Amino acid sequence: MNDIFERLATVFEERKNADPEHSYVANLYQAGQDKILKKLGEEAIETILAAKSKQQDAIIHETADLWFHSLVMLADCGLRPEQVLKELDRRFGLSGLEEKANRSKDNDDG
Ligand SMILES: N=c1c2ncn([C@@H]3O[C@H](COP(=O)(O)OP(=O)(O)OP(=O)(O)O)[C@@H](O)[C@H]3O)c2ncn1[C@@H]1O[C@H](COP(=O)(O)O)[C@@H](O)[C@H]1O
């Protein structure tokens, strides 16, 4: 199950040469980055509304839509999901509060 991002990313690469009439992803590519980003924003809002509704099924559904459109955005930008997963892996164990404190210190130094 965990390789679903990779499998989707591979399909999304193939869709760069697909017919937009037969593929939603190819259709998004053809519509352009602004359309992809608009969908991403809409899905983010729908995910927030689902979370506020506290309906578990809706939260799962909307988060899947959000992740799906995030992956399309990455593919459109020429990035692979493993690059984002690698960054999360790098951050693993580093407290967000600690990272923020270091950031403020770096800014003060600079
Ligand atoms: N996981 C998904 C997936 N999740 C959501 N969606 C589509 O994303 C769209 C979500 O948009 P909305 O809910 O806003 O629905 P809408 O009102 O129809 O959208 P708009 O008219 O506003 O564009 C719907 O059309 C969904 O069908 C997805 N479409 C495709 N995939 C995966 O991507 C693969 C490639 O898809 P195609 O390129 O279409 O073959 C598929 O095999 C799937 O694995």
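E42 is partly exposed, with a relative accessible area of 28%, where buried stands for under 20%, exposed for over 50% and partly exposed for the range in between, computed with a 1.4 Å probe on protein chains only. This is a predicted model, in which local features need pLDDT of at least 70 and side-chain atom pairs count only at pLDDT 80 or more, while totals for chains, interfaces and linings use all residues. Residues are numbered from 1 along each chain as its sequence is written, and side-chain values use heavy atoms, with hydrogens and water left out.

E42 is placed in helix α3, helices being DSSP runs of H or I of at least four residues, and strands runs of E of at least two, numbered from the N terminus. Helix α3 comprises residues 33-53, and it holds both E42 and K39, which are 3 residues apart, about one turn of the helix. The C-alpha atom of E42 is separated by 26 Å from that of N17, a residue 25 places away along the chain.

**Salt bridges**

The structure holds 10 salt bridges, a salt bridge being a side-chain nitrogen of Lys or Arg within 4 Å of a carboxyl oxygen of Asp or Glu.

| Pair | N to O distance |
|---|---|
| K16 and E13 | 3.1 Å |
| E42 and K39 | 3.5 Å |
| E43 and K39 | 3.8 Å |

In the pair of K16 and E13, K16 counts as partly exposed at 37% relative accessibility, and E13 likewise counts as partly exposed, at 33%. K39, which takes part in a salt bridge with E42, is itself buried, with a relative accessible area of 18%. E43 also forms a salt bridge with K39, and because E43 and K39 are 4 residues apart in helix α3, about one helical turn separates them. E43 is buried, its relative accessible area being 4%. Through shared partners, salt bridges join K38, K39, E42 and E43 into one network.

E62 lies in helix α4, which covers residues 56-76. E62 is buried yet has no salt bridge, and the nearest side chain of opposite charge, that of K39, is 8.7 Å away; for charge, Lys and Arg count as positive and Asp and Glu as negative, whereas His and the chain ends are not counted. When its neighbours within four places in sequence are left aside, E62 is in contact with E43, E46, T47 and A50, contact meaning heavy atoms within 4.5 Å.

I60 is also found in helix α4, and it counts as exposed at 58% relative accessibility. From I60 to E82 there are 22 residues in sequence and 22 Å in space, C-alpha to C-alpha.

**Helices α1 and α5**

Two packed helices are described by the angle between their axes and the distance between the axes. The axes of helix α1 (residues 4-14) and helix α5 (residues 81-91) come within 9 Å and cross at roughly 150°, which makes α1 roughly antiparallel to α5. The axes are lines fitted to C-alpha atoms, for helices over the stretch in contact, and angles run from 0 to 180 degrees between N-to-C directions; angles under 35 degrees count as roughly parallel, over 145 as roughly antiparallel, 65 to 115 as roughly perpendicular and the rest as oblique.

On the side of α1, F5, E6 and A9 meet P81, E82 and L85 in α5. The residues of this contact divide into 4 nonpolar, no polar and 2 charged, where Ala, Val, Leu, Ile, Met, Phe, Trp, Tyr, Cys and Pro count as nonpolar, Asp, Glu, Lys and Arg as charged, and the others, Gly among them, as polar.
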